Amino acid sequence: MSLIETRQLTKTYNPETVPVHALRGVDLCIEKGEFTAIVGPSGSGKTTLLNIIGGLDKPSSGQVLINQTDIAQLSENQLIDFRRDHIGFVFQAYNLIPVLTARENVSFIMLLQKRPAAERKARAMELLEAVGIAEKADVRPIYLSGGQQQRVAVARALASRPDFVLADEPTANLDSVATKRLLDIMARLNEEEGMTFIFSTHDQRVIDRARRIIRLEDGKITQDETP
Amino acid sequence: MLLKIAWRNVWRNRLRSLVVITAVAIGVAALLLIIAYFQGFVGTYVNSVIHKELSHLQIHPKAFLRDREAQYFIPQSDALTEKWIATFKDETTGEPLIKAISARSQAQGMIVSPKASRAVQVYGVKPRQEKAVISWQNMLKEGVWFGESQKKHPIIISKKMAGRLQVKLNKKVVLNLVSAKGEVVSGAFRIIGLFESHSSKRDEVQVLIQQKDLNELLELPPKAAHEIAILLQKPGALEKIAESLKKQYPDWSIQNYKELAPEIQLFDSQMLLMLGILIGIVMLALIFSIVNTMLMAVLERYRELGMLMAIGMNRLKIFGMIVWETLILGTAGAPIGMLLTYLAMQQLGTKGLDLSAFSKGLRAWGFDTRIIFSLNPSWYWKIALTMMLTALLAALYPAWKAIRFKPVEAINKR
């Protein structure tokens, strides 16, 4: 049983005016513990695919099964809860809550899950240590570098104990050192804890570290390889 | 945590939030001071009417009110007033409910000086009783009160009247009246005092002489009176005493000061209407100001709010967070405004506001020229609740706007 399975997934924007076919029948299976990069040129449908797998967008047709739950059938409110409990997000622009400290940012999602305060505090620190930024726990994002912010974002993505983490161009705003460090952390979490990571990326440094590469072109999978 | 985030969000743009908080503080202080002014304005007028003109209750024979003839009088007024003072007492403490009573005779006629004549309303008063009911000591501007002068047949007239008659203190005037028998009678009086009341209309017609002189002139029994004015110890006992007197004396007219000065009720109702309109205008202005600020805050955080929804913050919580932010922004200024009002009231509530620049117009309508501000403490929490309601109303649109964001669009916004 796959962790994520898409069946004949299509997505068409502006279907009644100027149709843009972002996805044209994508069939895909991702197993638990994968470290997968979805690659392709701009406009190939990478972000659309990631958004649909993450329950942020709905497909025009087809199914998205996550642990056998067809999330395309869930209501908006059910989707919000589903995302909270099953999916971790890492965004290109970090998107931390600027008024909260690093620790509070990591704790926040656990608060939404109504976890006890002690557990929230302990896990937030544990995760910040895991991403090597525990000493900045009480610092707000504005005082962190891009690489540090992205590591906090990874810690936040893992805080809810999700089934997998979706990372949309996570290294696009980072320099080489920060990129290497972030990828090292993600790879370690993948290897040691079995966390599933799915990236959409242009970045060759990410592609080089991925254990599976799915290439999209014009909304279709043109290559699916395990280097 | 939601409240903590809301609080910190309010201070993300310190200057913008401070502008709104200052606007709310000024709005609240302005509202409270306007209320205090209106209440003080009406309160000062009512106080003037009671203590300088009408007292709390007045009793007249109904026939006298109808025909204004001296023959319709209350006999044995002394005995009655003593009886009432002894009868009306506080049920718990046993203290008299009546503070003072003045029985007066009245007549309409002409006052004549060597150079002019005027129509007048002559009040025959018992000096001590009258002074206990009406604050003549504050209104007597020149000369002395009855009993403090050895002159025979003394009269006190207004400064305005003296000007019209072109007379001064110690000069003689003649009163021409109609007696109880319907005959024209006249008497010479010497001016011992000049008064100035809060009402220029009253100053144009009222003159005072002693009751014994007037009753003698009108050929009335010594203890006859046309009007009994009652000043109460506790105004709360007004209705009870009035009802009791109405039952006992059906031929007499028993009127409280609101019936005698119906403009008081008009002022009360107009004041409430004006306050309602003012509160509405201020609320509306503050709602727009808060909505504008919160909309800016929400639209600026388009991507952030989308991210919060993406990671699992549901719409109810987003809505709640924006409502909290708006409530903080909308109500933080209220205590400051209240404090400003409290401080201003220390001055305005004791020394009042001097409106002597407008004295002519005010005195023509019977108003004092110094308005002592008065603010019922309940207005503080009423305005606090109003501000909370204002903030809540102002929160609805920005919060609704925030939950309409689509996370996928917000996150991918470049």
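**View 1. A salt bridge between R315(B) and E76(A) in the predicted model.** The side chains of R315(B) and E76(A) meet at 3.9 Å, N to O, in a salt bridge, a term that covers a side-chain nitrogen of Lys or Arg within 4 Å of a carboxyl oxygen of Asp or Glu. Between chain B and chain A the count is three salt bridges, and there are five residue pairs in polar contact, both residues being at pLDDT 80 or more. A polar contact is a pair of N or O atoms within 3.5 Å; within protein, one must be able to donate a hydrogen and the other to accept it, and residues adjacent in sequence count only if both atoms are side-chain atoms.

**View 2. The side of chain B that touches chain A.** Here 23 residues of chain B are in contact with 29 residues of chain A, where contact means heavy atoms within 4.5 Å. The two chains bury about 2300 Å² between them, 65% of it on carbon and sulfur atoms; buried area is the accessible area (1.4 Å probe) that two parts lose on being put together, summed over both. In chain B, M1(B), R8(B) and I311(B) lose the most area to chain A, together 27% of what that side buries.

View 3. Eight of the nine residues of helix 13 of chain B are buried, among them Y302(B), E304(B) and L305(B); buried means under 20% relative accessible area, exposed over 50%, and partly exposed in between (1.4 Å probe, protein chains only). Just after helix 13 of chain B, G312(B) takes a positive phi of about 120°.

**View 4. L33(B) in helix 2 of chain B.** L33(B), found in helix 2 (residues 14-54), counts as partly exposed because its relative accessibility is 22%. Leaving aside its neighbours within four places in sequence, L33(B) is in contact with T341(B), A344(B), M345(B), L348(B) and F373(B). By contrast, Q210(B) is 177 residues from L33(B) in sequence and 44 Å from it in space, C-alpha to C-alpha.

**View 5. S2(A) and its surroundings in chain A.** S2(A), in the segment before strand 1 (4-13) of chain A, is buried, with a relative accessible area of 11%. Its side chain makes a polar contact of 2.8 Å with the side chain of E31(A). Leaving aside its neighbours within four places in sequence, S2(A) is in contact with residues including C29(A), I30(A) and N67(A).

**Notes on the model.** Residues are numbered from 1 along each chain as its sequence is written, and chains are lettered from A and ligands numbered from 1 in the order in which they are written. In this predicted model local features need pLDDT of at least 70, side-chain atom pairs count only at pLDDT 80 or more, and totals for chains, interfaces and linings use all residues, while side-chain values use heavy atoms, with hydrogens and water left out.

Note on methods
Helices (H or I, at least four residues) and strands (E, at least two) are DSSP runs, numbered from the N terminus.
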